[in-house]
Amino acid sequence: MTSDRLRVLLTRRWPEAAENYLAERYDVTHNREDTPMTADELARAFEAYDVICPTVSDNIDTDVIGAAPLRTRLLANFGVGFDHIDIAACKAAKIAVTNTPGVLTDATADLAMTLMLMAARRAGEGERELRDGRWTGWRPTHLMGRELSGKSLGLVGFGRIAQATAHRAHHGFGMKILYYSRSAATPEIERNLSAKRLDTLEDLLRQSDVTSLHVPGGAETKNMIGATEIASMKPGAILVNTARGGVIDHDVLAAALKSGALGAAGLDVYPAEPAVPPSLLALDKAVLLPHLGSATVETREAMGLRAAANVDAFASGSPLPDRIA
Ligand code: DGY
């Protein structure tokens with residue numbers, strides 16, 4: 001396939017450097033308005049473009065991929081998570097899929113720490129109080145939170161982002177690192193992070209002052225943190241999620257925050273974004289961010305260029321560097 005004829009669709013607005021990189025090389029359709037594409041528009045795109053570059057806001061299921069003759073041969077996803085793409089359907093339709101691993105590790109680990117700190121130190125609550133004009137001045141018992149120093153951090157999943165979070169928490173805050181993961185990290189990684197692997201999720205939840213979720217979204221992890229798991233957590237514990245919203249049963253979480261069983265939660269992701277579970281919106285103990293994990297100028301540009309590198313490989317017939325299907 002010659003690159004000058006490659007038709008590429010960016011479903012959302014991208015950082016300028018990455019948009020320009022692709023526009024200089026391919027016949028690119030941009031989404032200047034940055035409005036989410038409808039299922040119908042996406043379905044039509046599969047008939048019109050060689051490459052579609054979707055994001056987490058595009059739900060690419062069997063209805064969208066459809067049965068019509070498809071032009072699309074590559075989905076170069078802008079993002080590392082791909083639970084919004086039906087991988088089996090892509091394989092059946094012979095559409096390759098790539099993602100952008102590695103480049104958003106630090107930004108997402110930073111945001112996990114931000115949520116931990118905001119939840120522990122009641123930062124959202126304090127800011128709302130001040131902006132609402134309700135702050136009456138300094139006093140010894142005003143908005144007392146908790147310190148992270150010396151506390152135990154339990155990581156569910158222990159991939160790149162979890163390890164980068166552990167690095168910050170251990171070396172920056174003196175937190176004790178525990179993890180639960182299907183596979184063990186190397187002895188060197190465990191040594192560097194003073195990390196201890198626990199055999200069961202329940203053990204991890206029982207021993208952690210703060211739990212941070214780092215597993216992929218999808219059927220396998222849906223409601224992984226439900227009633228039993230939340231009941232296993234230490235009284236007053238903090239739960240942080242920068243992974244995918246579906247991993248937590250949010251009704252159970254809201255009830256546990258309301259009853260005081262859990263101390264606080266810091267969430268960046270939700271099961272049906274951009275909807276936020278209404279049960280959480282009224283709770284001061286829930287810190288709620290709008291899926292900002294990778295949202296830095298540096299990282300979003302790197303994500304775009306990484307997706308573009310996969311488009312380049314596809315155009316030149318080379319192996320796709322970040323192929324997931
Ligand atoms: C990611 O890269 O997975 C981010 O959550 C955005 O999709």
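This is a predicted model: local features need pLDDT of at least 70, side-chain atom pairs count only at pLDDT 80 or more; totals for chains, interfaces and linings use all residues.
View 1. By class, the side of domain 1 that touches domain 2 consists of three nonpolar, three polar and one charged residues. The rule for salt bridges finds one across this interface. Arg 244 forms a salt bridge with Asp 83, and the closest N and O atoms of this pair are 2.9 Å apart.

View 2. Domain 1 is made up of two segments, 3–103 and 297–316, whereas domain 2 spans 105–288. Seven residues from domain 1 and six residues from domain 2 take part in the contact. The centres of domain 1 and domain 2, taken over C-alpha atoms, are separated by 31 Å.

**View 3. Area buried between domain 1 and domain 2.** The size of an interface is often expressed as the accessible area that is lost when the parts come together. Between them, domain 1 and domain 2 bury about 520 Å², of which 48% lies on carbon and sulfur atoms. On the side of domain 1, the residues that lose the most area to domain 2 are Val 56, Asp 83 and Gly 102, which together account for 61% of what that side buries. Asp 83 is also the salt-bridge partner of Arg 244.

**View 4. The shell of residues around the ligand.** The residues around the ligand are Val 56, Gly 79, Val 80, Gly 81, Leu 104, Arg 244, His 291 and Met 303. By class, this shell divides into four nonpolar, three polar and one charged residues. Val 56, listed here among the residues around the ligand, is also one of the residues of domain 1 that lose the most area to domain 2.

View 5. A polar backbone atom of Val 80 lies 2.7 Å from an oxygen atom of the ligand. In the side chain of His 291, an N or O atom is 2.7 Å from an oxygen atom of the ligand, and for the side chain of Arg 244 the corresponding distance from an N or O atom to a ligand oxygen is 2.9 Å. On its own the ligand has 230 Å² of accessible area, and the protein covers 89% of it.

Notes:
Residues are numbered from 1 along each chain as its sequence is written. Side-chain values use heavy atoms; hydrogens and water are left out. Domain bounds come from an automatic or database domain assignment. Contact means heavy atoms within 4.5 Å. Buried area is the accessible area (1.4 Å probe) that two parts lose on being put together, summed over both. A salt bridge is a side-chain nitrogen of Lys or Arg within 4 Å of a carboxyl oxygen of Asp or Glu. Ala, Val, Leu, Ile, Met, Phe, Trp, Tyr, Cys and Pro count as nonpolar, Asp, Glu, Lys and Arg as charged, and the others, Gly among them, as polar. A residue is near a molecule or strand if one of its heavy atoms lies within 4 Å of it. A polar contact is a pair of N or O atoms within 3.5 Å; within protein, one must be able to donate a hydrogen and the other to accept it, and residues adjacent in sequence count only if both atoms are side-chain atoms. Accessible areas come from the Shrake-Rupley method with a 1.4 Å probe; for residues, only the protein chains shown count as cover.
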